[in-house]
Amino acid sequence: MTKYPEVEVSLIATFHSEGNIAHKTLQNIQQLVAPLKKEGIAYEVILHADNPDAATWEYLSSYNDKEHFRVFRNSFGNPSDSRNFCAQQSKGRFLVFIDGDDLYSPQWVIDGYHLLRKSSAPIVY
């Protein structure tokens, strides 16, 4: 799988039937990428809807034309297949996986990024 050096971080979020909760997750994603943007670190956000309900898909598809965002829809029905698909689509050197119904500390991604840059560890969790 070829990665493109201009994208350092691919933030990958998988969704199913989150409906209105997807709104809070997307707000959180904006908080997660803000420190990357501030430090000039190239990033992309991949939103993946796996067997989504209508409300979730309607909300996610509105992000398809936003800068740094790509939106995909499939019917895998399996979290590993969904994440593997997104990993194949990603352009980043580092991959960050989150679920569509979870919220994270705004510093979580940037702290993990800096930790990986300083370390020889292949993964941070």
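Guide: Let us begin with burial: a residue is buried under 20% relative accessible area, exposed over 50% and partly exposed in between, using a 1.4 Å probe and protein chains only. The model is predicted, so local features need pLDDT of at least 70 and side-chain atom pairs count only at pLDDT 80 or more, while totals for chains, interfaces and linings use all residues. Residues are numbered from 1 along each chain as its sequence is written, and side-chain values use heavy atoms, with hydrogens and water left out.

Visitor: Is Gly-112 buried or exposed?

Guide: Gly-112 counts as buried because its relative accessibility is 14%. This residue belongs to helix α4 (residues 108-118); helices (H or I, at least four residues) and strands (E, at least two) are DSSP runs, numbered from the N terminus. Between the C-alpha atoms of Gly-112 and Val-96, 16 residues apart along the chain, the separation is 9.1 Å.

Visitor: How should I read the pairing of strands, and in which order do the strands of the sheet lie?

Guide: Two strands pair if DSSP finds at least two bridges between them. Here, four strands form an open sheet in the order β3-β2-β1-β4, with parallel pairing. β3 and β4 are the edge strands, each pairing on one side only. From one strand to the next, the twist averages 20°; axes are lines fitted to C-alpha atoms, for helices over the stretch in contact, and angles run from 0 to 180 degrees between N-to-C directions.

Visitor: How many bridges join β1 to β2, and how many join β1 to β4?

Guide: β1 and β2 are parallel and pair over seven bridges, with Val-9 opposite Tyr-43 of β2. β1 and β4 also run parallel, joined by six bridges. In β4, Ile-98 is the bridge partner of Ala-13, and Leu-95 stands opposite Ser-10.

Visitor: Why is β1 described as largely enclosed by the rest of the structure?

Guide: Seven of the seven residues of β1 are buried, so the strand is largely enclosed by the rest of the structure. Val-9, Leu-11, Ala-13 and Phe-15 point one way, whereas Ser-10, Ile-12 and Thr-14 point the other way. Thr-14, for instance, is buried with a relative accessible area of 3%. Contact means heavy atoms within 4.5 Å; not counting residues up to four places away in sequence, Thr-14 touches His-48, Ser-82, Arg-83, Ile-98, Asp-99 and Gly-100.

Visitor: Which residues of α3 are buried, and what covers them?

Guide: In helix α3 (residues 79-89), the buried residues are Ser-82, Phe-85, Cys-86 and Ala-87. Their cover includes β1 (9-15), β2 (43-50), β3 (69-74) and β4 (94-99).

Visitor: How does one judge the angle between two helices, and at what angle do the axes of α1 and α4 cross?

Guide: Angles under 35 degrees count as roughly parallel, over 145 as roughly antiparallel, 65 to 115 as roughly perpendicular and the rest as oblique. The axes of α1 and α4 come within 7 Å and cross at roughly 45°. This makes α1 oblique to α4. Leu-32, Pro-35 and Leu-36 of α1 make the contact with Trp-108, Val-109 and Ile-110 of α4.

Visitor: What handedness has the unit of β1, α1 and β2?

Guide: A crossover is right-handed if, with the strands pointing away from the viewer, the path from the first strand over the helix to the second runs clockwise. β1, helix α1 (residues 21-38) and β2 make a right-handed β-α-β unit.
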